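Please have the sequence and the structure at hand while reading.

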Amino acid sequence: MKGVVLELLGRCARDAFGEQAWQRAIAQAGLAEPFDQQRTYPDAEFNALVAAVATERGIGIDDAQRWFGESAVAHFHAMAPHLFDQHQDSWSFLLTLNDIIHPQVRRDFPGASAPDFGFDANEAGELVMTYHSQRRMCAFAEGLILASMRHYDDPPELRHVRCMHRGDPHCEFVLTALQT
Ligand code: HEM
């Protein structure tokens, strides 16, 4: 995982829990700041940091990942407002993940491995997003999607109907149809 993500985790944790809690978390994970934005850190180190934040807060790993995803969107917006501001709703924004947002990430951070999502509409007019990654960070994805929905004042409603952690080949999120 690129250092920019560890740095972002630090910003979110400091904002939410304070400097001391964050310092305890990085010490527990055996890491030290500053993180190098461009360096690729082993996933084990990133996971240790998330686990340390979870321990610090007394929550599970999935909840910590979801919290990080929910917190990250405001920072992504501050870093790259143009990626958000041309859209009127969350679906239009999310639909640019594969073609615009993550390709931009791979250009800015060579070696980054951001995931591609599958997009489809079901018979009920809901948006079905599929996620697959060896990192299996679906709780992080869920938090990012929910916060993206909130960013556009869309109701933050989704169902996580398939999950790699439950033995499915990929994760599937069903986003409730937007009011038109
Ligand atoms: C402007 C918005 C966004 C930016 C700038 C951004 C940027 C990034 C970056 C830098 C990484 C780390 C890649 C690496 O270190 O190898 C990443 C990973 C990831 N991104 Fe995005 N992202 C954005 C929006 C989203 C949204 C809305 C989702 C919603 C699902 C998403 C899902 C993920 C996931 C799940 C990962 C973890 C990597 C993995 O699954 O293997 N991102 N993104």
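Which residues is G3 in contact with, leaving aside its neighbours within four places in sequence? The contacts of G3 are F35, D36, Q37, Q38, R39 and Y41. The structure discussed here is a predicted model. In it, the chain has eight helices and four strands, and it is divided into domain 1 (3–58) and domain 2 (84–175).

**Overall form**

- Read along the sequence, the elements follow the pattern α-α-α-α-α-α-α-β-β-α-β-β.
- The C-alpha trace of the chain spans about 50 × 35 × 30 Å along its principal axes.
- A compact globule of 180 residues would have a radius of gyration near 16 Å, and the value of 16 Å for the chain agrees with this.
- Of the 180 residues in the chain, 28% are buried.
- Among contacts between residues at least 6 apart in sequence, 59% join residues at least 24 apart.
- The C-alpha centres of domain 1 and domain 2 are 23 Å apart.

**The largest nonpolar core**

- The largest nonpolar core has 40 residues. Within this core, A25, L49 and F68 have the most contacts.
- At least two residues of this core come from each of α1 (3–17), α2 (19–28), α3 (43–57), α4 (61–79), α6 (90–94), β2 (127–131), α8 (138–151) and β4 (171–175).
- Helix α8 gives the most to this core, with nine residues.
- The core lies between domain 1 (3–58) and domain 2 (84–175), because both domains give residues to it.
- Beyond its neighbours within four places in sequence, F68 is in contact with L9, C12, V50, F140 and G143.

**Surroundings of the ligand**

- The ligand is surrounded by 25 residues. The closest of these are K2, A112, S133, R135 and L144.
- By residue class, the shell around the ligand divides into 19 nonpolar, four polar and two charged residues.
- Helices α1, α7 (97–108) and α8 each supply at least two residues of the shell.
- The largest share of the shell, five residues, comes from α8.

**G3 in helix α1**

- G3 is placed in helix α1.
- Is G3 buried, exposed or partly exposed? G3 counts as partly exposed, because it has 18 C-beta neighbours inside 10 Å, and a buried residue needs 20 or more.
- G3 and F35 are 32 residues apart along the chain, while their C-alpha atoms are separated by 5.5 Å. F35 is also one of the contacts of G3.

**V73 in helix α4**

- V73 is found in helix α4.
- V73 counts as buried, because 20 C-beta neighbours lie inside 10 Å, and the threshold for a buried residue is 20 or more.
- Not counting residues up to four places away in sequence, V73 touches L144, A147, S148 and H151. Of these, L144 is also among the residues closest to the ligand.
- The C-alpha atoms of V73 and Y131 are separated by 18 Å. Along the chain, V73 and Y131 are 58 residues apart.

**Backbone features in the loops**

- Which residues does a cis peptide bond join? The bond joins E33 and P34, and its omega is about 0°. P34 lies in the loop between α2 and α3.
- R136 has a phi near 50°, a positive value in a residue other than glycine. R136 is placed in the loop between β2 and α8.
- R136 is partly exposed, because 16 other C-beta atoms lie within 10 Å, a count between the limits of 12 or fewer for exposed and 20 or more for buried.
- D153 likewise has a positive phi, about 60°, although it is not a glycine. D153 is found in the loop between α8 and β3 (158–162).
- D153 counts as exposed, because it has 9 C-beta neighbours inside 10 Å, and the limit for an exposed residue is 12 or fewer.

Technical notes:
Residues are numbered from 1 along each chain as its sequence is written. This is a predicted model: local features need pLDDT of at least 70, side-chain atom pairs count only at pLDDT 80 or more; totals for chains, interfaces and linings use all residues. Domain bounds come from an automatic or database domain assignment. A nonpolar core is a set of buried Ala, Val, Leu, Ile, Met, Phe, Trp, Tyr and Cys residues joined through C-beta atoms within 7 Å. Two residues are in contact if their C-beta atoms, placed from the backbone, lie within 7 Å. A residue is near a molecule or strand if its C-beta atom, placed from the backbone, lies within 6 Å of it. Ala, Val, Leu, Ile, Met, Phe, Trp, Tyr, Cys and Pro count as nonpolar, Asp, Glu, Lys and Arg as charged, and the others, Gly among them, as polar. The radius of gyration is taken over C-alpha atoms; the globule rule is 2.2 Å times the number of residues to the power 0.38.
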